[in-house]
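Please keep the sequence and the model in view while reading.

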Amino acid sequence: MTNAAQGSPTPPPRYLDSASSEPLHPAARETLLAALDQGYGDPRRLHRPGRNARLLLDNARAVVAEGLGVRPDEVTFTSSGTDAVHRGLLGLHRARARVGRRIVHTAVEHSAVLHAATWAGDEHEAVAVDAHGRVLVAELLTRAEGAAVVAVQAANHEVGTTQPVTEVADRLDGVPLFMDACASAGRTPLPHGWSAAAASAHKWGGPAGVGVLLVRKGVRWSSPFPHDDRVDDRSSGFENVPAALAAAASLQAVVAEREAVNARHAALVDRVRAAVARIPDTDVVGDPVDRLPHLVTFSFLYVDGEALVHALDRRGFGIASGSACTASTLEPSHVLAAMGALTHGNVRLSLGRDTTEADVDAFLEVLPGAVSDVRADVGL
Amino acid sequence: MTGTPEEVDPEEVDPQDVDPQDVALELDCRALMCPLPIIELARHVGDVAVGDVIAVVATDVAARHDVPAWCRMRGHDFLGEDSAADGAPRFRVRRVA
């Protein structure tokens, strides 16, 4: 406001980090505001406010089930995507305690999966990926023999590469597969074959603080955490009914729009990939074809990723980096490292439903200069 | 971030410390954080003859991934990792062109 009064308005930032969190979808916002007044009751109580809340929660569950192509009784709302990952992976693991304890996962799983596997306290094994970040299926299947559970993400959150979930699931001999679908759910249909899966509403324009745990009908799953006497015994804590309903409304809208949005995003990302590859000493990372439509990652030699994020922020662009430069205690991205990609000078661009062609053009216009500025600072 | 890498003249190195791969130039990037070890490598690769080996000693954890990635992108041969006399990780590169 001050700037505007002084006649030098700061333009709104062009947000290119939807993979970290998508702005609230208009459908979610509208539903959330209405539900805040309606969904305050305890859905387990028999009075009218309780019954209203229960109705809204069941409605949210049915809508999410339809949007994700599953049954309503396979849907559990959790307090976050991370919580859904923990419950999904560890619940399958716990139910298999008598068969095996070992967790096998791809080397490029989200840290939520890796931390859960470590927390389980048992042996866990990372399976290598190829240069695009796709898991080596034969190696995974060999390691999976006798394992308690196998974790394969639907698509990678940093580089966008899709994983062969269905192929792996079809060839696993009775070992359940946990699928972290947080990066893709809502944007693309879920692959088949998983026993439990996790999704996160704020990645599809729902509110933060809503995760979705999916457990297939008939799958053995046992809660890894203390039980609670709530509506759904796979979760714990008082349900955030208004947020769950808003998440459902957003999912419904996003699924209805996604064919058009994805086609637009995929074409824009193709353009970004081609333009970025023309900048010298650049590693454009991830599968160019079998990938999420909205996300692309690249690394620039000799560039401090954090410096580049700041340089782009000053030019009005909000973009994420997977590099851990500067903070020497931080490990480099385990995803980029597993792929053999350059881990420094990395940025990840991800498009939202409101991202325009003009946003992308403006980004591509300033990027080469921002990179050379950071490189000039180090004399290269 | 002041460190200019200390260049070790191979003839002054204790023969016991000399790698069988005959390192022509070793860069001391122990205190440098990513991407500085790679920047030093790029600055000094021209100091060794084509076919000779340059080594970078780096304690930053990213170097383990970024030296091979740099080799792939710049067309040099990554020969592998060993240890400097003090145990710090050392990465060896053969200059190709």
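Which residues are buried in α3(A)? They are A:Ala53, A:Arg54, A:Leu56, A:Leu57, A:Ala60, A:Arg61, A:Val63, A:Val64, A:Gly67 and A:Leu68. A residue is buried if 20 or more other C-beta atoms lie within 10 Å of its own, exposed if 12 or fewer, and partly exposed in between, with C-beta atoms placed from the backbone.

This is a predicted model, in which local features need pLDDT of at least 70 and side-chain atom pairs count only at pLDDT 80 or more, while totals for chains, interfaces and linings use all residues. Residues are numbered from 1 along each chain as its sequence is written, and chains are lettered from A and ligands numbered from 1 in the order in which they are written.

**Chain A as a whole**

- Chain A contains 11 helices and 12 strands; helices (H or I, at least four residues) and strands (E, at least two) are DSSP runs, numbered from the N terminus.
- Along the principal axes, the C-alpha atoms of chain A fill a box of roughly 65 × 55 × 40 Å.
- Buried residues make up 53% of the 380 residues of chain A.

**Helix α3 of chain A**

- Helix α3 (residues 48-68) of chain A has 21 residues and should span 30 Å at 1.5 Å a residue, in agreement with end C-alpha atoms 30 Å apart; the expected span is 1.5 Å times one less than the number of residues.
- The cover over the buried residues of α3(A) includes α2 (26-38), β2 (75-78), β7 (196-200), β8 (211-215) and α8 (241-277) of chain A.

**The nonpolar core**

- A nonpolar core is a set of buried Ala, Val, Leu, Ile, Met, Phe, Trp, Tyr and Cys residues joined through C-beta atoms within 7 Å.
- The largest nonpolar core has 140 residues, and those with the most contacts inside it include A:Ala247 and B:Val56.
- The most is given to this core by α8(A), with 16 residues.
- Beyond its neighbours within four places in sequence, A:Ala247 is in contact (C-beta atoms, placed from the backbone, within 7 Å) with residues including A:Ala28, A:Ala60 and A:Val210.

**A:Val374**

- A:Val374 lies in helix α11 (residues 357-377) of chain A and counts as buried because it has 23 C-beta neighbours inside 10 Å.

Conventions:
Two residues are in contact if their C-beta atoms, placed from the backbone, lie within 7 Å.
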